[in-house]
Amino acid sequence: MTKQVIGITGGIGCGKSVVMEILKKEYGAAVILADTVGHDLMKPGAMNYNGILKHFGNEILSEDGQIDRKKLGAIVFSNQDHLTALNQITHPNIIKEIQNRIHSYLLNPDVPFVCLESAILLDTDLYKLCDKIMYVYADESVRIERLMAGRGYTKDYCKTVMAKQKDEGVYREKSHYVINNSGSVEDTKLKIKEIFL
């Protein structure tokens, strides 16, 4: 059987990282996190660093010359034009780098399949790199609780971010697998086992 690339997506706080960890530890999957690739490419000397600086200026830099993601985030999340510009600068290189990583994993005989995690999988061309899509979801109250505990967000901020994300129906419609991650890690493991039996 040809090795598959499984795209994993879902809203903020739904526990995508928990699902990725299970697939990595218990099934040997190679894991690619789109956010991590994006952060790697923002480092000085990396593909997106100069383009971001050229557009947003040196005021987004920290003292050591790194891009301060909080400063950049404050700019782009309060202005749709800036967010669009950032995406146009970064997304093509992120997709290219993810393609390279997928390719090298698929050539590795020790890797049974590849998982690509991205909150914006369905908003970009990333989904085209995947054979199957897995949608991870959790009840809104559970997501808010996790975000408040794990990231220190306020309840209002959680609701603001969640309101900007895709409607659940869109995720479900485009996904081959749906995992309800509202319960315990053991529950989630059982649901994943049903898929990979």
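User: In this predicted model, buried means under 20% relative accessible area and exposed means over 50%. Is Ser118 buried or exposed?
Analyst: Ser118 sits in the loop between strand 3 (114-117) and strand 4 (132-137). Its relative accessibility is 4%. The cut-off for burial is under 20%, so Ser118 counts as buried.

User: Which backbone nitrogen lies 3.1 Å from a polar atom of the Ser118 side chain?
Analyst: The side chain of Ser118 reaches the backbone nitrogen of Leu121 at 3.3 Å. The distance of 3.1 Å belongs to another pair, in which the backbone nitrogen is that of Ile120.

User: Leaving aside neighbours within four places in sequence, which residues is Ser118 in contact with?
Analyst: Contact here requires heavy atoms within 4.5 Å. With neighbours within four places in sequence left out, the residues in contact with Ser118 are Ile8, Thr9, Ala34 and Leu126.

User: Why are the buried residues of helix 3 on the same side of the helix?
Analyst: Helix 3 spans residues 49-56, and its buried residues are Tyr49, Ile52, Leu53 and Phe56. They lie on the same side of helix 3 because the arc they cover around the axis is only 100°.

Notes. Residues are numbered from 1 along each chain as its sequence is written. This is a predicted model: local features need pLDDT of at least 70, side-chain atom pairs count only at pLDDT 80 or more; totals for chains, interfaces and linings use all residues. Side-chain values use heavy atoms; hydrogens and water are left out. Buried means under 20% relative accessible area, exposed over 50%, partly exposed in between (1.4 Å probe, protein chains only). Helices (H or I, at least four residues) and strands (E, at least two) are DSSP runs, numbered from the N terminus. The arc is that of the directions from the helix axis to the C-beta atoms. A polar contact is a pair of N or O atoms within 3.5 Å; within protein, one must be able to donate a hydrogen and the other to accept it, and residues adjacent in sequence count only if both atoms are side-chain atoms.
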